[in-house]
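Hello,

Here is the structure I promised to pass on. Have a look at it first, and my notes follow below.

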Amino acid sequence: MVKTNHGKETNRLVTVPVLRKTLAAMIPFYRRIASDPAYAGAWTRGVRRADLDTLIRLFRQVGLPERRYASLSTNGIGYFVDFNAPKPIVLYSNGTTILPGTTQFYFNTKVHRAVAKAILPFYQEIVTNRPFACIVVRAIRSGNRGLLDRLVRSMIKTPHLRSVSIESSGIRCSFKYAASPFRLDNLIFGGEP
């Protein structure tokens with residue numbers, strides 16, 4: 001689903017420091033998902049069972065103890081991690097999920113690992129290259145989906161990336177792989193997606 005930027009005012013909330021801090025915290029997790037099939041499988045089981053205790057324990061293994069994030073949630077088809085941010089954003093989130101309403105208690109390890117591997121270069125570029133991060137934030141804040149799409153695709157090289165949209169002061173990257181009947185969305189956002 002590609003949204004036009006009717007909610008332009010809400011997209012003006014993201015800042016370069018908030019975006020970079022959020023993604024810097026998440027990179028070790030996505031690296032582990034991409035590189036460690038056993039860890040990724042345990043994460044999938046935790047998501048499918050909506051088992052927060054397991055997910056919290058797995059987060060600790062990648063250096064994300066509870067004090068580093070505001071909250072962690074799962075709905076059986078994905079997960080969201082919220083980080084504290086200065087007002088007016090308050091919380092900035094990252095997550096990976098299937099579109100709500102399409103299925104229940106389904107999460108595919110192979111697809112999650114592929115998405116993690118695909119998004120890592122984009123996330124790393126934002127964290128390590130401040131000018132690039134500034135352009136990404138400018139695209140989000142101005143509602144320039146075309147520019148954002150080019151920036152994302154310059155780093156995410158897989159043909160499985162089906163769409164890029166601006167939502168809730170952030171980005172929705174939608175992926176579709178043959179291994180799953182469902183689209184998997186990776187989101188970065190402030191407020192509700």
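Let me start with a term that comes up throughout: a residue is buried when its relative accessible area is under 20%, exposed when it is over 50%, and partly exposed in between (1.4 Å probe, protein chains only). Helices (H or I, at least four residues) and strands (E, at least two) are DSSP runs, numbered from the N terminus.

Please keep in mind that this is a predicted model, in which local features need pLDDT of at least 70 and side-chain atom pairs count only at pLDDT 80 or more, while totals for chains, interfaces and linings use all residues. Residues are numbered from 1 along each chain as its sequence is written, and side-chain values use heavy atoms, with hydrogens and water left out.

I would begin with β5 (residues 170–175), where six of the six residues are buried. In a regular strand the side chains alternate between the two faces of the sheet. Here both faces are covered: Gly-170, Arg-172 and Ser-174 are buried on one side, and Ile-171, Cys-173 and Phe-175 on the other.

Strands count as paired if DSSP finds at least two bridges between them. β4 (residues 161–167) runs antiparallel to β5, with six bridges, and Glu-167 sits opposite Gly-170. Two residues lie between the strands of this hairpin, and Ser-168 has a positive phi near 50°. Strand β6 (residues 184–190) is also antiparallel to β5, joined to it by five bridges, with Leu-184 facing Phe-175.

**Charges among these strands**

A salt bridge here is a side-chain nitrogen of Lys or Arg within 4 Å of a carboxyl oxygen of Asp or Glu, and the structure holds seven of them. Arg-172 makes one with Glu-167, at 2.9 Å from N to O, and both residues are buried. Arg-172 makes another with Asp-185, at 2.6 Å from N to O. Arg-172 counts as buried because its relative accessibility is 9%, and Asp-185 because its value is 0%. Salt bridges link Glu-167, Arg-172, Arg-183 and Asp-185 into a network.

**Cysteines**

How many disulfides are there, taking a disulfide as a pair of cysteine sulfur atoms within 2.5 Å? The count is zero. For Cys-134, the nearest cysteine sulfur belongs to Cys-173, 19 Å away. Cys-134 is partly exposed, at 22% relative accessibility, whereas Cys-173 is buried, at 3%.

**Helix α3**

The other element I looked at is α3 (residues 37–48), which has 12 residues.

Asp-36 caps the N-terminal end of α3, with a side-chain oxygen 3.1 Å from the backbone nitrogen of Ala-38. Asp-36 also forms a salt bridge with Arg-32, the closest N and O atoms being 2.9 Å apart; Arg-32 is partly exposed, at 25% relative accessible area. Just after the helix, Ala-50 has a positive phi of about 55°.

Best wishes

Conventions:
Expected span 1.5 Å × (residues − 1). Polar contact = N/O pair within 3.5 Å; in protein donor to acceptor, adjacent residues only side chain to side chain. Disulfide = S-S within 2.5 Å.
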